[in-house]
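Here is a friendly walk through one protein model, for someone meeting it for the first time. Take a look at it before reading on.

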Amino acid sequence: MKKLRIIAGLAAVGLAALGLAGCSTDGSSGGKTTVNWWTWDDHQAANYKLCIPGFEKANPDITVKISQYNVNDYFTKLTAGFVAGTAPDAFQNSVPLLGQYAGQKQIMPLDDLIKKTGFDLGKFDIGVDSWKYTDGKQYGIPLDWAGAAIYFNEDMVKAAGLTDDAIKTMTWNPDDGGTFDKIVAHLTVDTNGKRGDEPGFDKNSVKTYGIGTLAASDFNGQTSWNPFVTTLGWKLGGDATAWPKVLPYDDPRMTKTLDYIRGLGDRGLMPKFGQFTISAAEQVGAGQVAMAQDGTWSATSITKVPGVKVGIAPTVEGPDGTRGMISNSNANNIFVGTKHVDQTWKWVSYMGSVECQTIAGKTATFLPSIAQALQSTVDAQKADGVDISSFIDALKKKELYPAPPIANGQEITDTLQPMFEAFFSGEGDASFLKSAQAKSKEILAKK
């Protein structure tokens with residue numbers, strides 16, 4: 001799963017002139033019905049194509065066509081298709097856009113189809129409730145989930161006199177940073193060979209940072225500050241698991257966490273915000289960082305960096321010994337204008353089966369929402385020398401909380417992102433969180 005730039009608002013009708021290859025007005029060809037499915041992720045496209053042969057063999061009257069568009073174009077094309085009535089029959093969507101698409105009646109509630117076919121939502125271990133709209137109806141069938149993990153250079157850890165187990169059991173608190181702080185400092189090395197916990201360390205001339213930057217401008221901090229503040233009991237939606245009326249940023253736990261994380265950059269133990277523009281995998285590969293907290297979707301890329309042996313650790317344990325993080329979910333939506341509801345539902349429901357998610361999930365470029373399929377992903381990766389067991393442990397131990405669906409997701413992003421960016425760039429202090437909370441309340445209240 002990749003990070004998204006969400007496109008808000010219906011596009012002008014003129015956008016319908018954009019090329020929408022892969023769509024057809026009737027979805028039929030050679031006596032067969034063609035079901036069009038879209039994704040923004042090239043890995044998802046390739047993986048789910050592996051499910052097509054089995055599906056088409058069982059449904060010889062249906063042909064599935066998968067189209068993948070770059071994320072920067074995906075939602076614009078999708079919106080144009082809504083306007084022109086040429087959107088794909090079904091498509092991959094991200095939680096922040098549920099409110100917009102369901103509210104504008106561009107996607108179908110699926111409850112009647114679920115009941116009619118006896119489709120079992122109970123098979124999913126994560127993501128179901130994230131796809132219920134304010135009307136209480138189910139609009140999405142979960143595909144995958146993602147969280148955060150800590151990737152570390154095993155040779156650098158060993159050279160520092162540390163063990164892999166020390167990385168996998170790091171503790172954290174906002175007061176002294178716990179063992180996490182000690183390890184990050186010890187793994188940081190300046191250009192003179194001094195470590196971050198040694199006298200004479202030069203914070204202004206660092207060769208290798210202990211950890212990649214944890215400063216980020218996104219409002220949920222999925223792979224940055226969220227796994228830290230969540231261990232203190234804070235959640236993005238507060239007490240609301242869905243459709244919160246406010247994002248509770250004005251909280252001492254948030255203030256302490258963000259101050260601590262920005263302080264790591266001030267101490268020279270992590271790159272400052274915007275210092276590096278290359279990916280975490282490239283930073284690890286270049287020896288610029290000893291550890292990087294990144295998305296679960298990066299497991300196969302970071303662990304395959306040439307010449308570097310990379311281990312995977314879970315996120316930090318908090319003061320009470322537990323871990324926690326926000327988890328985003330992707331799901332299938334069905335376009336309300338599809339002319340082939342039953343055929344499209346057959347494909348969507350098959351994508352939500354143990355069989356298909358097991359086939360598609362073996363490359364671990366995404367994590368299936370069904371635990372049985374996820375275990376197959378873990379086993380396949382273990383055979384390839386990649387240990388992603390910490391991901392399934394997080395799911396089993398209920399260390400994840402689903403990102404709550406929210407109203408006006410793009411406006412939230414556009415408004416709050418500059419505020420977080422300014423803070424992590426060194427402008428002002430954490431008092432901005434009070435304004436961020438007030439803004440969130442104002443935007444979430446809009447119809």
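How do the axes of helix α10 and helix α17 cross, and within what distance do they come? The axes of α10 (residues 252-266) and α17 (residues 409-424) come within 10 Å and cross at roughly 50°. Here axes are lines fitted to C-alpha atoms, for helices over the stretch in contact, and angles run from 0 to 180 degrees between N-to-C directions.

Before going further, a word on the ground rules. This is a predicted model, so local features need pLDDT of at least 70 and side-chain atom pairs count only at pLDDT 80 or more, while totals for chains, interfaces and linings use all residues. Residues are numbered from 1 along each chain as its sequence is written, and side-chain values use heavy atoms, with hydrogens and water left out. Helices (H or I, at least four residues) and strands (E, at least two) are DSSP runs, numbered from the N terminus.

On the α10 side, the contact (heavy atoms within 4.5 Å) is made by M254, L258, D259, I261 and R262, and on the α17 side by F420, F423 and F424. Sorted by type, these contact residues come out as six nonpolar, no polar and two charged. For that sorting, Ala, Val, Leu, Ile, Met, Phe, Trp, Tyr, Cys and Pro count as nonpolar, Asp, Glu, Lys and Arg as charged, and the others, Gly among them, as polar.

Next up are the strands. Two strands pair if DSSP finds at least two bridges between them.

| Strand | Partner | Bridges | Sense |
|---|---|---|---|
| β6 (residues 148-153) | β9 | five bridges | antiparallel |
| β5 | β11 (residues 325-334) | five bridges | antiparallel |
| β5 | β12 (residues 367-368) | two bridges | antiparallel |

β6 belongs to an open sheet of three strands, ordered β9-β6-β10, with antiparallel pairing. β9 (291-295) and β10 (310-313) stand at the edges with a single partner strand each, so one side of each has no neighbour in the sheet. On average, neighbouring strands of this sheet are turned by 30° against each other, direction ignored.

As for β5 (residues 141-146), six of its six residues are buried, where buried means under 20% relative accessible area, exposed over 50% and partly exposed in between (1.4 Å probe, protein chains only). P142 has A331 in β11 as its bridge partner, and D144 stands opposite P368 in β12.

Helix α8 (residues 178-187) is mostly covered too, with eight of its 10 residues buried. Among them are F180, I183 and L187. Another covered spot is L98 in helix α4 (residues 98-103): at 0% relative accessibility, L98 counts as buried. Residues that L98 touches include W131, Y139, W243 and P405, leaving aside those up to four places away in sequence.

Lastly, the cysteines. A disulfide (a pair of cysteine sulfur atoms within 2.5 Å) joins C51 to C356, with the sulfurs 2.3 Å apart. C51 lies in the loop between α1 (42-49) and α2 (52-58) and C356 in helix α14 (residues 354-361), so the pair ties together parts 305 residues apart in sequence. The torsion about their S-S bond is about 105°, so the disulfide is right-handed. Both C51 and C356 are buried.
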